[in-house]
Amino acid sequence: MTRTISILGATGSIGASTLDLIRREPGKWRVVALTANGNAADLARLAREFSAEVAVVADEASLPALREALGGSGIEAAGGAAALVEAAARPADLTVAAIVGCAGLAPTMAAIEQGRTVALANKEALVSAGDVMTAAVARHGTTLLPVDSEHNAIFQCLAGNDPAHVRKITLTASGGPFRDWGAEQLTAATPAQAVKHPNWDMGAKISVDSATMFNKGLELIEAHHLFPVGLDKLAIVVHPQSVVHSMVEYRDGSTLAQLGPSDMRVPIASCLAWPQRMDTPCEPLNLAALGELSFRAPDEARFPATRLCRQAAEAGGAAPAVLNAANEVAVAAFLAGQIPFTRIAVMVETMMTRYSPSAPAVLADVIGIDAEARAHARELLELA
Ligand code: NAD
Ligand code: MG
């Protein structure tokens, strides 16, 4: 049976991994929408290869290039924020939400409103919107499948169990490329060093988030919404090998963990095939060759991000959206060489103490808070 699929953020790392799996199942999928920010040439190439119904660039300035690259193909070309939402709203059995940042929120919500299945990689959207998104999921009867490897692991470990029996959920963190660096060294960390992750091959923004540990902090907030067992039951452990992707401990003392290679095609495949299973080309785990798995407590003195994210989750309301916006602006500034690595967390903390808008009730509120928080964060950058 052919299933229809849309991929928001098709030209990114998660997009490429998803399309790699789809390519291996000819005839199984029909592609509705593929989207990108501005990379018209890559997007057009993918749209042609997968015979997409529509290709959309979020950046309208790239639309002429997209139109030209798709000339004669019969594939619709569109551009701009409204076109992105319109494409995400087109009926598809499965939508993979893989845009990076809060920029993916409106199209992800449009996909959720279809009431079908959304495989969510775009954690910033859920972190920012929180209850606004989970309420939409419930209202529309949507199935939300977590792509993020930790949440996908937890989702698998919870299957068939009553969440009421959960004692603890532990997210594993690789610790990123700087996990063994001293405080002095961290102040001098460069963008090139930060995007070189030891275990995973990912987009630049999430790679920096892994280096600061904001990725794990955002994932804590993500887990808080996906698995509402209470913040006090969510823990983080550093596990440098990235083999155990997360764990669920039950009241009887049993801990269930999901293990796998550090290749996002494994959790993506779990979403594509759910509730079935499918083959992937990933190397199977070889535990004897690995020899050892190690675990240690996170160091919040060197990496304050997880503490800040926990505070934002506890505060609720607009706090996570403010934290996320501040982090997005700070990461972009760090990648552009404007601020030192350690300033990212400082900026986020400053924003959280100085700016506390009231809680969002609807999508437009979240988008407004995000925009305003970004403007405030940029002002902070200029003052420095
Ligand atoms: P990426 O930078 O490789 O790709 C991002 C995609 O989003 C691209 O297609 C890009 O064109 C598009 N995009 C960027 N800015 C946009 C904008 N303003 N408007 C519309 N589209 C835009 O990122 P990635 O590593 O694939 O990550 C995507 C999401 O998945 C992130 O939220 C990330 O946290 C999450 N995630 C990624 C991984 C991973 O291994 N890469 C793992 C877990 C979760
Ligand atoms: Mg993750």
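Because the model is predicted, local features need pLDDT of at least 70 and side-chain atom pairs count only at pLDDT 80 or more, while totals for chains, interfaces and linings use all residues. Residues are numbered from 1 along each chain as its sequence is written, chains are lettered from A and ligands numbered from 1 in the order in which they are written, and side-chain values use heavy atoms, with hydrogens and water left out.

Let us start at the metal. The magnesium ion (ligand 2) is coordinated by Asp148 (OD), Glu150 (OE) and Glu219 (OE), at 2.1 to 2.2 Å. Donors here are N, O and S atoms within 2.8 Å of the metal (3.2 Å for Na, K and Ca), and water is not among the atoms, so sites may look incomplete. Along the sequence these donor residues follow the spacing D-x1-E-x68-E. Distant parts of the chain are linked in this way: glutamate 150 belongs to helix α8 and glutamate 219 to helix α12, 69 residues apart. Helices (H or I, at least four residues) and strands (E, at least two) are DSSP runs, numbered from the N terminus. Glutamate 150 is buried, with a relative accessible area of 8%, and glutamate 219 is buried as well, at 1%. Buried means under 20% relative accessible area, exposed over 50%, and partly exposed in between (1.4 Å probe, protein chains only).

Helix α8 (residues 149-158) lies across β8, β10 and β11, running at about 35° to β10. Axes are lines fitted to C-alpha atoms, for helices over the stretch in contact, and angles run from 0 to 180 degrees between N-to-C directions. The sheet itself is open and has four strands in the order β9-β8-β10-β11, with mixed pairing. At its edges are β9 and β11 (255-259), each of which pairs on one side only. On average, neighbouring strands of this sheet are turned by 20° against each other, direction ignored. Two strands pair if DSSP finds at least two bridges between them. Strands β8 (residues 166-173) and β10 (residues 244-250) run antiparallel and are joined by five bridges; threonine 170, for example, has methionine 247 in β10 as its bridge partner.

Next comes helix α15. Within this helix (residues 305-315), Ala305, Thr306, Leu308, Cys309, Ala312 and Ala313 are buried. These residues lie on the same side of α15 because they cover an arc of only 160° around the axis, the arc being that of the directions from the helix axis to the C-beta atoms. An α-helix has 3.6 residues a turn, so residues three or four places apart point the same way. The face turned away from the buried side carries the exposed residues Glu314 and Ala315. Among the elements covering the buried residues are α11 (204-212), α12 (214-226), β9 (234-238), α16 (319-335) and α17 (343-354). Glycine 316, with a positive phi near 65°, follows α15.

Now for the cores. A nonpolar core is a set of buried Ala, Val, Leu, Ile, Met, Phe, Trp, Tyr and Cys residues joined through side-chain atoms within 4.5 Å. In the largest one, of 77 residues, Met133, Phe178, Phe214, Leu323 and Ile344 touch the most other members. Helix α16 supplies the largest share of this core, 10 residues. A second, separate core of 40 residues includes Ala40, Ala55, Leu70 and Leu272. Isoleucine 344 is in contact (heavy atoms within 4.5 Å) with residues including Val208, Phe214, Val331 and Phe334, leaving aside neighbours within four places in sequence.

Finally, look at the backbone. Most residues other than glycine have a negative phi, and most peptide bonds are trans. Serine 51 has a positive phi near 45° and sits in the loop between α2 (40-49) and β3 (54-57). Serine 242, in the loop between β9 and β10, has a positive phi of about 50°. Which of the two states, buried or exposed, applies to serine 51, and which to serine 242? Serine 51 is exposed, at 55% relative accessibility, whereas serine 242 is buried, at 6%. A cis peptide bond, with omega about 5°, joins tryptophan 274 and proline 275, and proline 275 lies in the loop between α13 (265-273) and α14 (287-290).
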